[in-house]
Amino acid sequence: MTEHRPAGDGVAIRCRGLHKRFGNTIAVDSVDLDVARGECFGLLGSNGAGKTTTIEILEGLQEPDAGEVEILGLRWDRDESELRPRLGIQLQETELPERLTVEETLRLFRSVYPTGPRVDQLVDYVELGEKRSDQVRVLSGGQRQRLSLACALVGDPDILFLDEPTTGLDPQSRRHIWDLCRDFRTRGGTILMSTHFMDEAERLADRLAIMDHGSVLVAGTTRELIASLGGDHVVEFNSTLELGSDELGHLPAVTRVDNAGAHQRLATREPHRTIPALYRLIDRRQGELTALNTHHATLDDVFLSLTGRQLRDD
Amino acid sequence: MSALQELVAMRIRTFIREPEALFWTFGFPILLAIGLGLAFREETEPTPVPVAIEIGTAAEHYLDALSAAPEVEPILLDRAAAEQALRTGEIPLVLAGTGSVLFRYDPARPESRQARLLTDFAIQRAAGGTRPVEIAEDPERLPGGRYIDWLIPGLIGLNLMSTGMWGIGFGIVHMRQKKQLKRLIATPMRRTDFLLAQILARLAFLLFEVPPIILFAWLVFKVEISGSLLALLVVIMVGAFTFAGLGLLASSRARTVEGASGINNLVMLPMFVLSGVFFSASRFPDAMQPIINVLPLTALNDALRAVYNEGLPIGALSGELAILAVWTVLSFGLALKFYRWQ
């Protein structure tokens, strides 16, 4: 497959003020995004956060109620025929005819693109060589997903749109998909992906936007997002007491307090100072500590502090 | 291969690899032909009608006369058994009576009335009765002028309509439901190529759908094509294109297979009744004729019969072919405009 030119004028995907409403539901609410060429950008959020609608608007498959989209400096209303061949798209659900073989499927997709790799190269590239004559319906979830990725790569695209590329896959299949994504990146391609897996976002994405209820809550690199918590560590505990945010916020090194019912979470720069102070506080108030756990802050902690929910809950 | 060729190949492959669809398209016309074969099988000798003679009655005298008659087949039964057979419909007529013969039967049943006439005729004939008016008979129906000769072209038309509309409709709505259409329009595929491919794939299926009916009708019923095969082929192709176009239009908006079924039935049912498949469309009131005549199935059936039964050349069918062409262009154009791709 051909090498991609290094990022030219820089911007691969740019949108401003995207709005989309379905009946009474606001699916996308004032979304602005900038994705640089050669970057892997992740949309992280739970189901129903508006990720798919946002991606499909960027892909030109849905029309926004308001807002502007520019892909590779081109616009859907004017330049669709020029833009379409330069994008590779993987939709959220598997969407390939069940009774075509792997090879027939790729030949079909290849036939509608002006340029791209040979079908046999592509079959080998996604490691479906042994399955080339098998019908789609007998493929495993991981094999289907690799075929679907191959269909997205068939036109040698500049940008790859992946909507939850590894949902429902086993760990090995997921790593396989990640490897293919990284390879696309090293050849200069741009990726916009959505996911509700924190690990996927952390491993693949250079930058992330966390979405909830149709809005982008925060965007940046993983490091930047975690730094926004104010501390690298999280102390989670349960106690028999009802401790107020004020009280906990005055404990040494604590930068942030999140209450999730009886379960409380403190972001801290120095857990070795925070935890003894927490013990003393509970002892002084004659309460009891029923659970205590401490870990390095992750995207999940960022998500929780922004939305009050854990990403993995759904 | 070009995108259009690949799309045609996809349609054919996905279709022939679906066993159920295969049966309905290729098995159905053969079943239909077999069913008709049973209904219209040639009876060399009409089967005699069974009639009961009650034991110990005056009717017993005529046992020999009735046994010799080709029209009826007398059976001796006692009173209870004869009553039972009449009630259950096993026997349409019971002969009994003291002194003179008594016919016992249900006048509401046509076969009872027929048995009564045949039995009466056989008894009178055996007794040497004469018919005041002599009538000659010609029961032979020659090939070419029979109902079956008229019916077969209509069945071909009906088959072209239903396989065209169902074949196109189901395939497309299935692809829409499974988001396969959405995936395809996320590529640079030309939309006209996709729609054209659906229609072109129909032509490949025709080869398997129509010849079995023509062959079966010829081998079993001696239904012959009086016009040229080429003319027939042209009419069939034009008809197939028309109903493929209508199938595209009917399935252009439906989101589910159920929805598509409803629309297809709505389109096809009026033509099923009005367009002269099983009986002539001329039976409908004159006021309706202008509408009936421009229905695509009427035009197709008229053209098929003109070639099949009357042996007319293509040149004589320009009116019918023009009607079909207008429907084709109109439905393809509208389908492209209103198509729901996602």
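Which strand does strand 3 of chain A pair with in the parallel sense over five bridges? I looked this up in a predicted model. The partner is strand 7 of chain A, residues 190-195. Across this pairing, I found Phe41(A) opposite Leu192(A).

Strand 3 of chain A also runs parallel to strand 8, residues 207-212, and four bridges join them. Here Gly42(A) stands opposite Leu208(A).

Next I checked burial. Strand 3 of chain A covers residues 40-44, and five of the five are buried, so the strand is largely enclosed by the rest of the structure. Cys40(A), Gly42(A) and Leu44(A) point one way, while Phe41(A) and Leu43(A) point the other way.

Then I turned to the rings. I noted seven aromatic pairs over all chains. One of them is Phe279(B) with Phe284(B), a tilted pair at 5.9 Å centre to centre and 45 degrees between the planes. Phe279(B) is partly exposed at 32% relative accessible area, whereas Phe284(B) is buried at 18%, because buried means under 20%.

I also looked up Tyr339(B) and Trp341(B): their ring centres are 4.8 Å apart and their planes at 55 degrees, so this pair is tilted. Tyr339(B) is buried at 6%, and Trp341(B) is buried at 7%. Ring pairs link these two residues and Phe194(B) into a cluster.

Two charges over rings went into the notebook. The charged end of Arg174(A) sits 4.2 Å from the ring centre of Phe197(A). That of Lys337(B) sits over the ring of Phe338(B), 5.8 Å from its centre.

A nonpolar patch of about 610 Å² includes Phe23(B) and Trp24(B). Phe23(B) lies in helix 2, residues 19-39, and is partly exposed at 39%.

Technical notes:
Residues numbered from 1 in each chain as written. Chains lettered and ligands numbered in written order. Predicted model: local features only at pLDDT ≥ 70, side-chain atom pairs only at ≥ 80, totals over all residues. Heavy atoms only, no water. Patch = residues over 30% accessible without salt bridge, like charges linked within 9 Å, V, L, I, M, F, W, Y side chains within 5 Å. Areas by Shrake-Rupley, 256 points an atom, 1.4 Å probe, with all protein chains shown as cover. Salt bridge = Lys/Arg side-chain N within 4 Å of Asp/Glu carboxyl O. Helix = DSSP H or I, 4+ residues; strand = E, 2+ residues; numbered from the N terminus. Buried < 20%, exposed > 50% of the residue type's maximum accessible area, 1.4 Å probe, protein only. Pairing = 2+ DSSP bridges. Phe/Tyr/Trp six-rings, centres within 6.5 Å; stacked < 30°, edge-to-face > 60°. Lys NZ or Arg CZ within 6 Å of the ring centre and 35° of its normal.
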